[in-house]
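Open the structure in your viewer and keep the selection tool at hand. The tour makes two stops.

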Amino acid sequence: MENNKSLLNVKSVSKLYGIDKNKAIKIKKEGKGKDEIYKETGVTIALWDVSLDIKKGETFVIIGLSGSGKSTLVRCFNLLNKPTSGEIYYNGKDIGSFDKKELNNYRRNEISMVFQQFGLMSHRDVLGNVEYGLEVKGIPKAKRHTKAIEMISMVGLQGYEHEPISSLSGGMKQRVGIARALANDPEVLLMDEPFSALDPLVRKDMQFELLTIKEKLNKTIIFITHDINEAFKIGDRVAIMKDGEIIQVATPEEMSENPADDYVKQFIDSADKTQVISVKNVMITPNSIVRLKDSPNFAISTMKANGVSSAYVVQDKMRLQGVITIDDAIRANREGLSISDVIIHDVNTTTPDTILTDIIPMATKTRFPIAVVDETGALKGIISRAQVLSSML
Ligand SMILES: Nc1ncnc2c1ncn2[C@@H]1O[C@H](COP(=O)(O)OP(=O)(O)OP(=O)(O)O)[C@@H](O)[C@H]1O
Ligand SMILES: [Mg+2]
């Protein structure tokens, strides 16, 4: 966080959908819940008395179950939604009092949105999408190209400027979405579940990318997610919502140490259970494989060539026999022994479909990378202790 300056100050914002709002407000004040109020009045309390102070330069994450009001709230920040009551101050100015011109300037220069479903224009190429906002602002072609190209390379898509959108993967499309939002050089990036359509590995890349971009550009990021792991990974502070209300705002550490209530606690407890990454998503191909009948000398040169100190020993059809270390291979070579004389049979193994969290205990103890074998015992890959543990971060 660059400093503690308040950037977006949300004061007691409520948003109700429906006709008889006064009746809904009255019974809400009597203490009835969102569902009950909807049944009685047909009014949805999408936000209730939300107050927040988002600081310049922070990554502020909003998390909550579906329907808890996350999108409604961030759409109030750029006035795509108008609060029923309450005020929002941006840099001390009440955005509700902006006239048309001020609102346009605010949306074009201060606050940009990145959407879950990318919202890209399929008839334009990457460059055409990224520079679109600048074009709307009337920035001359040469200048907007320079800026767009800079942002394309910021998100790691250099060389793709003239690719059609349809040829890109989901992760690449979302990079374009981010580059487009950044091209305006906004102070605030609003991101409404930007990574939830991506598969877990791409999602992790994008989380990392976002943190990197943030380091470089020092933007204020307001990020919505369903995923507590994602929230804790990228958030400086996390706000948790339920039925339109903010239940707790805290740093990830504070929140996990002192959850405000059972709802928060359940979210935190779900952290590990939602980790459904399986071994096959992160295993790598072992680069040092030897066969039982190979010479120890061959094993030594294979390990040396790959810069590793152990090799996996397989028999026909890649069936795993064990591991040989470089020290044992050297000893075998010197003493005229074979690989089968020095092989270590006691090797930790797992299967491709095992959930990563399930092998953490094994990973903390294993001496060699864990071997991934299929039902026939064939070696499919390996997974190192560091990979298992870092994938949990
Ligand atoms: N235009 C609308 N008209 C009526 N009700 C709405 C409207 N938009 C949202 N709501 C209601 O407001 C509540 C909050 O919705 P919102 O979309 O903000 O939730 P969310 O937390 O973003 O959910 P999700 O995780 O599913 O995206 C929900 O009960 C929703 O049904
Ligand atoms: Mg939403």
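What follows is a tour of a predicted model, starting at the ligand and ending at a helix.

**Stop one: ligand 1**

Select ligand 1 and the residues around it. There are 14 of them, and the closest are S66, G67, K70, S71 and T72. By class, three residues of this shell are nonpolar, eight are polar and three are charged.

Now show the atoms of three of these residues. At G67, look at the backbone: one of its N or O atoms is 2.8 Å from an oxygen atom of ligand 1. At S71, look at the side chain, where an N or O atom lies 2.8 Å from a ligand oxygen. At T72, a polar side-chain atom is 2.5 Å from an oxygen atom of ligand 1. Taken alone, ligand 1 exposes 640 Å², of which the protein buries 61%.

Next, colour strand 2 (44–55) and helix 3 (70–77), the elements that each give two or more residues to the shell. Helix 3 has the largest share, with three residues.

**Stop two: helix 1**

Select residues 21–29, which form helix 1, and pick out its buried residues A24, I27 and K28. These lie on the same side of helix 1 because they cover an arc of only 110 degrees around its axis. An α-helix has 3.6 residues a turn, so residues three or four places apart point the same way.

What do the buried residues of helix 1 pack against? Show strand 1 (6–17), helix 2 (34–41), strand 2 and strand 10 (245–250) to see their partners.

Turn to the face away from the buried side: the exposed residues N22, K26 and K29 are there. Finally, go just past the end of helix 1 to G31, which has a positive phi of about 100 degrees.

Note on methods
Residues numbered from 1 in each chain as written. Chains lettered and ligands numbered in written order. Predicted model: local features only at pLDDT ≥ 70, side-chain atom pairs only at ≥ 80, totals over all residues. Heavy atoms only, no water. Near = heavy atom within 4 Å. Polar contact = N/O pair within 3.5 Å; in protein donor to acceptor, adjacent residues only side chain to side chain. Areas by Shrake-Rupley, 256 points an atom, 1.4 Å probe, with all protein chains shown as cover. Helix = DSSP H or I, 4+ residues; strand = E, 2+ residues; numbered from the N terminus. Nonpolar A, V, L, I, M, F, W, Y, C, P; charged D, E, K, R; others polar. Buried < 20%, exposed > 50% of the residue type's maximum accessible area, 1.4 Å probe, protein only. Arc of directions from axis to C-beta. Contact = heavy atoms within 4.5 Å.
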